[in-house]
Amino acid sequence: MEKGVNFIGRNNGVADKDKPIKWSYKFQGAVNYLPVCVTDAEYIINLANLKGHSYGITLCGKNYFGSFINGNEMRPPEGANLHQFLTMDKMEVYSPLTDLMANKWLGNKTVLYMLDALICAPSEGDNITGSNSRWKQSPFNGDYTSSIFISQDPVAIDSVGADFLMNEPAVVNNNSSLENNSTVENYLHEAALVNKAPSGITYMDGNGKKVINLGVHEHWDNPESKKYSRNLGKKEGIELIKVR
């Protein structure tokens, strides 16, 4: 193992009992703590997979589900009772993903967001095959995605990831929960409009301060040109840059 590199998981993570997660919406579930490796960190890099999920998508927002600890024997998100908010297929509802983005010791410490798109799966339970992981849309044109997406905006990178996933036949044809299911973007709408969230929830940073800005959400102009506002000459919005 490389000197100075430590791997922490739910089996060896130590909960920081001084940093319980304070959700912005009251619901029943286990008390959740951020691990010491998170609260002690000077900064965080969020490296997630670009892939589909049985409820829709898995991107940087849901990657934070691996960043807290509770007493659940299986997985902390189940013990926290969080999945109910991801599977209701509704817009304008509370999102724990937005809450984690807003957390002072988690999202606020994250300086870089990355999506591993070297090979993308349609869903978390799928085997990788040539037919379901070779993407038809440009610029892949029947080949593997072989890409990495990088951004400092957690909302923008997931917005771009969602555009790619929701417009890819190899994904939507193998994931019925994603096809024409715009409700998977609820957390992105909540985050982009966090100062006045569509749900009416006041998102706090876990330390008593209201969050007023998390990032930018928009869709590209079309699946062929894949241009966002700043690609089209506007001063604000997303800019997608292809680097070989």
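Let me begin with a nonpolar patch on the surface, made up of L118, I119, I128, I148 and I150, with about 470 Å² of accessible area together. Patches here are built from residues with over 30% relative accessible area and no salt bridge, where like charges are joined within 9 Å and nonpolar side chains (Val, Leu, Ile, Met, Phe, Trp, Tyr) within 5 Å. The areas come from the Shrake-Rupley method with a 1.4 Å probe, and for residues only the protein chains shown count as cover. Helices (H or I, at least four residues) and strands (E, at least two) are DSSP runs, numbered from the N terminus. I119 counts as partly exposed, at 45% relative accessibility; buried means under 20% relative accessible area, exposed over 50%, and partly exposed in between, with a 1.4 Å probe and protein chains only.

A word on the model. It is predicted, so local features need pLDDT of at least 70 and side-chain atom pairs count only at pLDDT 80 or more, while totals for chains, interfaces and linings use all residues. Residues are numbered from 1 along each chain as its sequence is written, and side-chain values use heavy atoms, with hydrogens and water left out.

Next, the empty space. Rolling a probe the size of a water molecule over the atoms shows where empty space is left. The work is done on a 1 Å grid over the protein atoms alone: a cavity is a set of points where a 1.4 Å probe fits but cannot get out, a pocket is an open set with protein on both sides within 12 Å along at least five of seven lines, and lining residues have an atom within 4 Å of a point. Grid points are joined across faces, edges and corners, and a volume is the space filled by probe spheres set on the points.

The largest pocket holds about 1200 Å³ of space. It is lined by 35 residues, and those closest to its centre are I8, G9, N63, G66 and S67. Which elements give two or more residues to this lining? They are α1 (36-39), β3 (44-49), β4 (51-53), α2 (60-63) and α3 (76-80). β3 provides the largest share, 6 residues. By class, the lining of the largest pocket has 18 nonpolar, 12 polar and 5 charged residues. For these classes, Ala, Val, Leu, Ile, Met, Phe, Trp, Tyr, Cys and Pro count as nonpolar, Asp, Glu, Lys and Arg as charged, and the others, Gly among them, as polar.

The second largest pocket holds about 900 Å³. Of its 32 lining residues, F149, L240, I241, K242 and V243 are the closest to its centre. Two or more residues each come from β8 (143-144), β9 (147-151) and α6 (154-166), and the largest share, 5 residues, is from β9. The lining of the second largest pocket divides into 15 nonpolar, 8 polar and 9 charged residues.

How many cavities of 30 Å³ or more does the structure hold? There are 2. The largest cavity has a volume of about 120 Å³ and is lined by 13 residues, with F85, L86, T183, V184 and N186 nearest its centre. The second largest cavity has about 30 Å³ of space, and its lining consists of I21, K22, W23, D99, N103, M204, D205 and G206.

On to charges. Side chains of opposite charge can pair when their charged atoms come close. The structure has 2 salt bridges, a salt bridge being a side-chain nitrogen of Lys or Arg within 4 Å of a carboxyl oxygen of Asp or Glu. One joins R75 and E78, whose closest N and O atoms are 2.7 Å apart. R75 is partly exposed at 42%, and E78 is partly exposed at 30%. The other joins E239 and R230, at 3.2 Å from N to O.

Last, the backbone. The peptide bond from S138 to P139 is cis, with omega near 5°, and P139 lies in the loop between β7 (134-135) and β8. N81 is not a glycine, yet has a positive phi of about 65°; N81 is in the loop between α3 and α4 (96-102). K226, also a residue other than glycine, has a positive phi near 55°. Is K226 buried or exposed? K226 is buried, with a relative accessible area of 8%, and is found in the segment after α8 (186-192).
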